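Trainee: Before we go on to the rest of this model, I would like to take a close look at one single part. Please set out what surrounds it, and define your terms as you go.

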Amino acid sequence: MYLIAGLGNPTRQYEGTRHNAGFCVIDRISKDYNIPVETKKYKALCGQGYIEGQKVLLVKPQTFMNLSGESIREAADFYKIAPEDIIVIFDDVSLDVGQLRIRMKGSAGGHNGIKSIIAHLGSQDFPRIKVGVGEKPAGWDLADYVLGKFSGDDKLKIEEACKDASDAVKLWLTEGAAAAMNRYNTKKK
């Protein structure tokens with residue numbers, strides 16, 4: 001079983017914000033594979049189903065971004081899922097809007113949600129899909145930027161990125177992480 005977690009902040013106030021790119025991807029996977037993400041467990045909204053024959057648990061932590069690790073740890077412990085079978089999807093300000101970057105492990109890179117997951121799992125060795133939300137403009141506060149909403153072309157780019165990330169998960173589960181990395185870690189034009 002794979003645990004696929006998209007990071008974000010709960011409540012309507014944060015819908016459509018850059019920081020909720022992970023939730024956007026989980027919503028797309030939910031739609032693509034008809035896996036409702038409605039069950040309230042593990043301090044999250046969850047849904048169980050199959051992607052190309054692989055059993056998955058989709059998770060949207062409801063703890064707010066900075067405490068995401070609490071939720072993911074609870075779900076992983078219950079299902080006895082090892083860190084290497086937990087795919088975390090989240091926003092990244094160091095990537096252009098809509099660009100994906102898949103990694104098998106790594107540091108938090110300043111992302112508080114990832115810091116929380118590393119602290120709760122006691123490991124950096126979990127795979128991740130980073131969704132580019134663009135660099136913050138000069139003079140902006142980082143929190144204000146990531147809690148801002150997409151608009152114009154960026155809104156279309158992020159919708160496409162959510163579809164690409166859903167496709168990347170499918171490729172990952174059917175052909176392996178290397179195939180997904182080779183296909184989706186290329187610079188978008």
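Trainee: Against which helix and which strands do the buried residues of H3 pack?

Mentor: This is a predicted model in which local features need a pLDDT of at least 70, side-chain atom pairs count only at pLDDT 80 or more, and totals for chains, interfaces and linings use all residues. Residues are numbered from 1 along each chain as its sequence is written, and side-chain values use heavy atoms, with hydrogens and water left out.

The buried residues of H3 pack against helix H2 (68–79), strand E5 (86–92) and strand E7 (128–132), where contact means heavy atoms within 4.5 Å. Helices (H or I, at least four residues) and strands (E, at least two) are DSSP runs, numbered from the N terminus. Helix H3 itself spans residues 112–121, and its buried residues are Gly113, Ile114, Ser116, Ile117, Ile118 and Leu121; buried means under 20% relative accessible area, exposed over 50%, and partly exposed in between, with a 1.4 Å probe and protein chains only. An α-helix has 3.6 residues a turn, so residues three or four places apart point the same way. After H3 comes Gly122, whose phi is positive, near 70°.

Lys43 lies in the loop between E2 and E3 and Glu74 in helix H2, so the pair ties together parts that are 31 residues apart in sequence. Lys43 counts as partly exposed at 42% relative accessibility, and Glu74 likewise counts as partly exposed, at 34%. Glu70 joins these two in a network of salt bridges, and a search of the whole structure finds 9 salt bridges. Another of these joins Asp32 to Arg28, the closest N and O atoms being 2.9 Å apart; this pair lies within helix H1, 4 residues apart, about one turn of the helix.

Strand E2 (residues 39–41) and E3 pair in the antiparallel sense over 3 bridges, two strands being paired if DSSP finds at least two bridges between them. Lys40 stands opposite Leu45 in E3, and in this hairpin, which has 2 residues between the strands, Tyr42 takes a positive phi near 55°. E3 also pairs in the antiparallel sense with strand E4 (residues 54–61), over 8 bridges, with Leu45 standing opposite Lys60 in E4; that hairpin too has 2 residues between the strands, and Glu52 takes a positive phi near 50° there. Strand E3 (residues 44–51) is mostly covered, with 6 of its 8 residues buried.

Ile51 belongs to the residues with the most contacts inside the largest nonpolar core, which has 35 residues; the others named there are Ile4, Ile29, Ile89 and Ile129. Such a core is a set of buried Ala, Val, Leu, Ile, Met, Phe, Trp, Tyr and Cys residues joined through side-chain atoms within 4.5 Å. Helix H5 (residues 152–175) gives the largest share of this core, 9 residues. Apart from it lies another core, of 22 residues, among them Leu57, Ile72, Ala75 and Ile81. Ile51 touches Ile4, Ile29, Tyr33, Ile35, Val56, Val169, Lys170 and Leu173, not counting residues up to four places away in sequence.

Finally, a charged residue away from these pairs deserves a mention. Arg18 sits in the loop between strand E1 (2–6) and helix H1 (21–33), and it is buried yet has no salt bridge, the nearest side chain of opposite charge, Asp154, being 5.1 Å away; here Lys and Arg count as positive and Asp and Glu as negative, while His and the chain ends are not counted. A polar atom of the Arg18 side chain lies 2.8 Å from the backbone oxygen of Tyr145. Beyond residues up to four places away in sequence, Arg18 touches Asp91, Val133, Tyr145, Val146, Gly148, Lys149 and Phe150.

Note on methods. Salt bridge = Lys/Arg side-chain N within 4 Å of Asp/Glu carboxyl O. Polar contact = N/O pair within 3.5 Å; in protein donor to acceptor, adjacent residues only side chain to side chain.
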